[in-house]
Amino acid sequence: MEIRVKERGFTIFEMIVAVGIFTVVVVIAVSSLLTLTASEKKAITLQNTQDNMRFAVEAMAKEMRTGESFPAACVIGCRTITYQTARGKTVSYRLNQTSNVIEKASSGADCVPFPDSCYFPFTAAGVRIDRLWFYVTGVGEDNLQPKVTIVLEATTPGIERTASRLHLQTTVAQRRLDT
């Protein structure tokens with residue numbers, strides 16, 4: 001005598017429920033992965049922008065500490081600063097309003113006064129510098145150390161959702177008194 005075992009499978013209703021639950025889990029997992037990826041991209045761009053801004057400010061500050069002949073007209077703020085370095089070179093920094101990068105010019109055979117062809121990018125093209133101001137105090141007959149305050153504002157590249165605005169300010173004092 002042969003016993004037949006009745007084989008059972010899944011009903012269509014059970015399959016629809018299982019596929020529905022699986023779909024919800026996959027959608028949640030993919031959206032979490034996309035959010036993490038976007039956050040990582042934003043963190044990397046933010047770090048690159050901060051590094052670029054810090055480098056620019058530190059390089060300018062290092063040169064300004066030993067510089068001289070700072071412009072007295074920048075008490076209320078200037079967008080360009082030109083001064084003498086300790087090595088006797090004339091240096092100028094400015095914000096290029098078209099490409100939104102900080103540019104530097106240094107005196108040479110064809111570069112005094114500084115035409116546009118003497119300026120070279122000082123910050124990376126991927127970092128958008130929105131604002132650059134120099135404030136100079138202590139210049140003149142007051143027997144104080146000249147101080148230059150650098151105010152910098154930048155925006156990280158990217159879509160509006162991942163863009164960030166960064167502000168950086170530092171004050172640099174000349175190492176010796178004006179004579």
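Mentor: Two strands pair if DSSP finds at least two bridges between them. Helices (H or I, at least four residues) and strands (E, at least two) are DSSP runs, numbered from the N terminus. The model is predicted: local features need pLDDT of at least 70, side-chain atom pairs count only at pLDDT 80 or more, and totals for chains, interfaces and linings use all residues. Residues are numbered from 1 along each chain as its sequence is written, and side-chain values use heavy atoms, with hydrogens and water left out.

Trainee: What makes β2 and β3 a pair?

Mentor: Six bridges join β2 to β3 (residues 101-106), and the definition asks for at least two. The two strands run antiparallel, with S92 opposite A105 in β3. They form a hairpin with four residues between them, and N100 in the turn has a positive phi of about 55°.

Trainee: How many bridges link β2 to β1?

Mentor: Five, again in the antiparallel sense, with β1 covering residues 80-84.

Trainee: Why is β2 called largely enclosed?

Mentor: Buried means under 20% relative accessible area; exposed is over 50% and partly exposed lies in between (1.4 Å probe, protein chains only). Seven of the seven residues of β2 (residues 90-96) are buried, so the rest of the structure largely encloses this strand. T90, S92, R94 and N96 point one way, V91, Y93 and L95 the other.

Trainee: Why is E153 called buried?

Mentor: Its relative accessibility is 14%, so E153 counts as buried. This residue is found in β6.

Trainee: What makes the link between E153 and H167 a polar contact?

Mentor: The term needs a pair of N or O atoms within 3.5 Å; within protein, one must be able to donate a hydrogen and the other to accept it, and residues adjacent in sequence count only if both atoms are side-chain atoms. The side chains of E153 and H167 are joined at 3.2 Å.

Trainee: Why do β5 and β7 count as edge strands?

Mentor: The open sheet has three strands in the order β5-β6-β7, paired antiparallel. β5 and β7 each have a single partner strand, so one side of each is left without a neighbour in the sheet.
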